[in-house]
Structure formats: structure tokens, C-alpha cells
Amino acid sequence: MTERIVVVGAALFDGDRLLAARRSAPPELAGRWELPGGKVEPGEAPEAALVRELREELGVDADPVARVPGEWPLKSPYVLQVWTARLRPDSAAPEPLQDHDELRWLTGDELWTVPWLDQDVEAVRELTVLQGRGAV
């Protein structure tokens, strides 16, 4: 049995705006949008991986807030888990440093104006449910 590998995604908020990142690599994902993040390394806590990945991919310092309920399958053995996160007050502004060529802050009305990666669609739907309840 193959052990699953967790990929963390960040629902990074600035007020009521959610940060979306457009993939530039690999070719089969290029042009689609995602919640930024990446793989949890062996022995690493998911929250620590989220902080590390946001620093590497976007050049920002962020704090995880809460895990979004649910888990979404990716290509086996990977699964996506999402955390809400906030930029630290002294953080630089996000920039597309690795695997992305564009970033956008999306309001609730703009969430579905970008072509999300399939697994991120479900995570973003869950975020909209949480926002409707005032939970994020």
C-alpha cells in the first residue's frame, strides 16, 4: 500500500479577497489557477510546509489560521489539504517566484472568473460555504 503524500494549499486572504496563482509549470497544468502551496516534506508539519511553500513560491511571510474541512484527491498518492492563512503585517507583497506567472486577488464575485485546477474547484467551493457562514 502506498503511503499518501499531503499537498498543502493556502487560502490566503487580504480582507475579503482570495489570492489565486496561475500555474506556469508543468505544461499540463500551465494556464490554470490554484491556491498556492506544495508538498509536505517527511517529518514536516502541514502548517510549517504551508509557511515554507508560501515563502518559496510567493516571497511572503504568512501565518496559517485554520484547516478548511475536507481533503481532495490529486494524482495518487497525493491529497490536497487547504488552510486559511493571513499575510504577516511586515510581509512583502506576493510575487510569482516559482511555478506561477501571474497572481490575482479575487473578490467573492470574481472567484469563478479564472479556470481553477479541478481539485482546487472543490476547495474553493468549500471556502465559499465557510465565507457564507462567516467562518473565514
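Modeller: Helices (H or I, at least four residues) and strands (E, at least two) are DSSP runs, numbered from the N terminus. This is a predicted model, where local features need pLDDT of at least 70, side-chain atom pairs count only at pLDDT 80 or more, and totals for chains, interfaces and linings use all residues. Residues are numbered from 1 along each chain as its sequence is written, and side-chain values use heavy atoms, leaving out hydrogens and water.

Biologist: OK, what comes just after H1?

Modeller: Gly 59, which takes a positive phi of about 70 degrees.

Biologist: Why is Glu 34 called buried?

Modeller: Buried means under 20% relative accessible area, exposed over 50%, partly exposed in between (1.4 Å probe, protein chains only). Glu 34 has 9%, so it's buried. It belongs to strand S3 (residues 33-34).

Biologist: What makes Glu 34 and Arg 23 a polar contact?

Modeller: You need a pair of N or O atoms within 3.5 Å; within protein, one must be able to donate a hydrogen and the other to accept it, and residues adjacent in sequence count only if both atoms are side-chain atoms. The side chains of Glu 34 and Arg 23 are joined at 3.1 Å, and that qualifies.

Biologist: Why is Ser 24 called partly exposed?

Modeller: Its relative accessibility is 35%, so it falls in the middle class. Ser 24 sits in the loop between S2 and S3, and its side chain reaches the backbone nitrogen of His 100 at 3.3 Å.

Biologist: How do you know what Ser 24 is in contact with?

Modeller: Contact means heavy atoms within 4.5 Å. Setting aside neighbours within four places in sequence, Ser 24 passes that test with Ala 30, Asp 99, His 100 and Asp 101.

Biologist: What makes the charged end of Arg 67 sit over the ring of Trp 83?

Modeller: The test asks for NZ of Lys or CZ of Arg within 6 Å of the ring centre and within 35 degrees of the ring normal. Arg 67 is 5.6 Å from the centre of the Trp 83 ring and counts as sitting over it.
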